[in-house]
Amino acid sequence: MLEKTKSAYEQLMIQIACLLPTKFRPIFLHPAGPTTVFFWAPTFKWGLVIAGLGDINRPPDSISLSQTASLMITGAIWSRYSLVITPKNYNLFSVNAFTSFTGAYNFMRGLLHQMKEDSN
């Protein structure tokens, strides 16, 4: 049976983990931990949530219904996906849940404004 050799990156991460306190090593080397893209991609995606929170202060007539609907729907889909993959990625779940919630809130604001304008 052949043993897989570790890449230079994996070896470096193991060396860095040895410098950490023992209780933090499993978190650092977790399959969805900060040594993988499964940590950093959702972390940077928090920018979408921050933008959605910033849109709360925008006037409702400037809200794009198609954009906020797509954020709401993709957030819901990826939230579900993050809980069925192995390993479960709670960072991915939380960022997508918040993306969905901020998208839904802004979508409803824009939709209610549009319905009000259409009734006048």
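## T68

At 6% relative accessibility, T68 counts as buried (buried means under 20% relative accessible area, exposed over 50% and partly exposed in between, with a 1.4 Å probe and protein chains only). T68 lies in helix α4; helices are DSSP runs of H or I with at least four residues, strands are runs of E with at least two, and both are numbered from the N terminus. Leaving aside neighbours within four places in sequence, T68 is in contact with I63, G103, N106 and F107, where contact means heavy atoms within 4.5 Å.

## Basis of the model

This is a predicted model, in which local features need pLDDT of at least 70 and side-chain atom pairs count only at pLDDT 80 or more, while totals for chains, interfaces and linings use all residues. Residues are numbered from 1 along each chain as its sequence is written, and side-chain values use heavy atoms, with hydrogens and water left out.

## S79

S79 also has its place in helix α4, which covers residues 65-84. With 8% relative accessibility, S79 counts as buried. Its side chain reaches the backbone nitrogen of A97 at 3.0 Å. Not counting residues up to four places away in sequence, S79 touches F93, N96 and A97.

## Helix α4 as a whole

The 20 residues of α4 should span 28 Å at 1.5 Å a residue, and the end C-alpha atoms are 29 Å apart, which agrees. The expected span is 1.5 Å times one less than the number of residues.

Buried residues in α4 are L65, T68, A69, G75, S79 and S82. The buried residues of α4 pack against α5 (90-119).

Key. Polar contact = N/O pair within 3.5 Å; in protein donor to acceptor, adjacent residues only side chain to side chain.
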